[in-house]
Amino acid sequence: MGSAFIPIMIDAFSVGGLYALTALGIGLIFSVMRLANFAHAEFVTVPAYALFVLSDHPVVVSISAAVLVAVVLALVTERAAFRPLRGIDPATMLIASFAVSMFIQRLLVFAFDSRIKPVNPLAVLDGSVALFGAQVNLLKLTTVITCLVLLIALTVFLKYTRFGLEMRAAAEDFTMSRLLGVRANRVIATAFVLSALLAAVVAVLFSAQTGFVHPRFGLQIVIIAFVATVIGGLGNLLGAAVGGFLVGVVSTLLQALLPPDLRPFREAFVFLLVILVLLFRPQGLFPARGLKERI
Amino acid sequence: MELEASGVTVRFGGIRAVEDVSLRLAEGEIVGLIGPNGAGKTTLVNVLSGFQRPRTGQIRVGGENARGWSAHAFARRGVVRTFQAVRLFSGLTVAENVETALLSTGVGRAAARTRARDILGYLHLAERADMGASALSYGDERRVGIARALAMEPKFLLLDEPAAGLNIGEAEELGKTIAGIRDDFGCGTLVIEHNMALVTNLCERLHVLATGRTLAEGTPAEVMSNPAFKDAYLGAAA
């Protein structure tokens with residue numbers, strides 16, 4: 001068991017970490033503007049295509065380009081699609097984000113067709129290393145470490161920088177924060193940039209794990225991440241991260257521990273747990289402050 | 001420099017909340033805005049701070065017509081208010097609440113941190129600086145609200161029932177704090193208050209509203225001896 005345990009846990013946390021980063025990307029934007037941004041899927045898919053397009057270039061170039069593309073895409077969608085809708089009913093914003101998501105997805109089909117494209121941005125990490133006497137996949141270990149580093153970096157940013165403080169104030173009471181001089185445009189743009197950075201990292205790590213990209217590449221991970229944010233408590237960043245890890249770890253462990261006959265139904269068990277959590281904690285595990293009243 | 005409302009009328013549906021009220025607040029003076037519940041005091045403060053557009057009449061800030069300004073435009077020009085429900089950021093520490101407001105004055109995070117300690121110290125809240133804002137007592141919560149307003153470097157400070165819910169000793173203490181703020185920061189202060197003892201001691205002038213109209217104005221002594229005031233306000237309270 002001992003030597004099997006460590007790889008399974010690394011496996012579980014590498015999946016959970018990607019869900020957590022994605023859930024955080026969604027949560028950052030939701031917390032400041034109450035937009036459940038479905039187009040986050042494309043914030044993941046588009047940089048993954050950048051990796052494909054630039055796959056002949058050095059890794060540093062293709063990854064930097066992927067990050068840049070994600071940030072530009074996020075800022076453009078914010079400016080063109082979401083800013084005019086600011087302050088409007090959250091349900092309308094959600095539908096608008098569906099429209100943005102579909103639009104970009106169709107553009108990708110138009111430009112690249114809908115077949116899968118091979119990517120391998122982190123070929124250097126093929127292989128495994130020994131960790132506590134167990135052989136651990138290097139890419140998965142890197143994924144876990146990257147996720148933890150980013151979580152710490154995000155925490156430090158939110159806690160100790162002026163933009164972080166402004167974001168936390170705006171997340172709790174947007175109107176009051178504006179009265180105190182927090183600039184709405186800047187704080188929302190910051191949220192989109194951070195969200196895009198996280199999405200780009202997810203794109204690199206996830207495409208390295210799967211080895212290919214297609215127009216619905218981001219969607220598969222974003223749907224699960226949405227579930228994770230709801231479990232964690234919409235609008236609460238800690239909740240989003242915990243929810244992401246929880247969903248990832250539970251589904252990986254189910255895959256490893258369920259009797260082989262039941263493994264194809266793994267998702268059913270995951271969503272059964274989701275339903276149970278929401279039955280007993282409809283606000284999620286960590287309900288957000290300041291979600292009730294927005295006057 | 002003055003904050004000035006002239007001929008302000010506000011209606012909600014068919015109800016006149018404020019009717020043809022004019023009020024001036026100069027820098028360095030403390031004016032009390034009093035009147036029974038429903039007299040339109042908070043509505044008038046909402047108009048003076050850009051939260052409510054008047055149906056007729058106008059607001060001037062330092063002579064500049066404030067037509068069309070948003071509430072944060074008022075705040076940027078030095079018209080800063082507090083709320084009855086203080087509305088602190090409960091997930092932030094006390095110091096962070098003040099720092100958020102300080103950032104708007106153009107200082108960096110490090111400078112804001114130092115300055116927040118100064119302001120909290122000034123309001124005898126230094127020991128509360130690192131507490132979560134949700135853990136504060138009622139009285140402290142109100143003082144943090146004032147600290148946060150002070151951080152905005154107000155020229156005009158509008159305090160909406162700052163002593164509500166405080167006991168007599170705490171209210172007296174708050175009165176001293178408000179007088180001290182005027183002396184040290186020179187801002188014009190408008191205080192909505194029910195506590196007559198506090199208001200008469202603190203304010204140079206009083207402005208009395210009843211059912212949306214100006215009932216009386218003048219020094220506390222003048223207002224107290226005004227028959228209309230005695231009849232409507234003290235009569236209703238007795």
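In the hairpin formed by β2(A) and β3(A), two residues lie between the strands, and Phe132(A) adopts a positive phi near 50°. Strands here, and helices, are DSSP runs numbered from the N terminus, with at least two residues (E) for a strand and at least four (H or I) for a helix. Strand β2 (residues 128-131) and strand β3 (residues 134-137) of chain A run antiparallel and are joined by four bridges; two strands are taken to pair if DSSP finds at least two bridges between them. Ser128(A) lies opposite Asn137(A) of β3(A).

The model is predicted: local features require a pLDDT of at least 70 and side-chain atom pairs count only at pLDDT 80 or more, whereas totals for chains, interfaces and linings use all residues. Residues are numbered from 1 along each chain as its sequence is written, and chains are lettered from A and ligands numbered from 1 in the order in which they are written.

Chain A comprises 11 helices and four strands. Its radius of gyration, taken over C-alpha atoms, is 19 Å, which agrees with the value near 19 Å for a compact globule of 295 residues; the globule rule is 2.2 Å times the number of residues to the power 0.38. Along the principal axes, the C-alpha atoms of chain A fill a box of roughly 55 × 45 × 35 Å. Of the 295 residues of chain A, 47% are buried. A residue is classed as buried if 20 or more other C-beta atoms lie within 10 Å of its own, as exposed if 12 or fewer do, and as partly exposed in between, with C-beta atoms placed from the backbone. Among contacts in chain A with a separation of 6 or more, 75% involve residues 24 or more positions apart, a contact being a pair of residues whose C-beta atoms, placed from the backbone, lie within 7 Å.

Helix α8 of chain A (residues 184-210) has 27 residues and should span 39 Å at 1.5 Å a residue; its end C-alpha atoms are 38 Å apart, which agrees. The expected span is 1.5 Å times one less than the number of residues. Because 20 of its 27 residues are buried, α8(A) is largely enclosed by the rest of the structure. Just after this helix, Gly211(A) takes a positive phi of about 85°.

In chain B, an open sheet of six strands with mixed pairing has the order β6-β7-β8-β3-β9-β10. Its edge strands, each pairing on one side only, are β6 (79-81) and β10 (213-218) of chain B. Neighbouring strands of this sheet are turned against each other by 20° on average, direction ignored. Helix α1 (residues 41-48) of chain B packs on the sheet, touching β3, β6, β7 (156-160), β8 (188-192) and β9 of chain B, and its direction makes about 150° with that of β7(B). Helix α6 (residues 168-185) of chain B also packs there, touching β3 and β8 of chain B at about 160° to the direction of β8(B). Axes are lines fitted to C-alpha atoms, for helices over the stretch in contact, and angles run from 0 to 180 degrees between N-to-C directions.

Within this sheet, β8(B) pairs in the parallel sense with β7(B) over five bridges and is joined to β3(B), also in parallel, by four. Phe156(B) stands opposite Gly188(B), and Thr189(B) is the bridge partner of Ile30(B). Five of the five residues of β8(B) are buried, so this strand is largely enclosed by the rest of the structure. Gly188(B), Leu190(B) and Ile192(B) are buried on one side, and Thr189(B) and Val191(B) on the other. Strand β3 (residues 30-34) of chain B runs parallel to β9 (residues 205-210) of chain B, with four bridges between them, and Ile34(B) lies opposite Val208(B).

An open sheet of four strands in chain B, with antiparallel pairing, has the order β2-β1-β4-β5. Strands β2 (15-26) and β5 (64-65) of chain B form its edges, each pairing on one side only. Strands β1 (residues 2-12) and β4 (residues 56-61) of chain B pair antiparallel over five bridges, and Leu3(B) stands opposite Val61(B) in β4(B). Helix α1(B) packs on this sheet, touching β1, β2 and β4 of chain B, with its direction at about 120° to that of β1(B).

The contact between the chains takes 19 residues from chain B and 16 residues from chain A. On the side of chain B that touches chain A, α2 (71-76) and α3 (94-103) of chain B each supply at least two residues, and the largest share, five residues, comes from α3(B).

Methods. Two residues are in contact if their C-beta atoms, placed from the backbone, lie within 7 Å.
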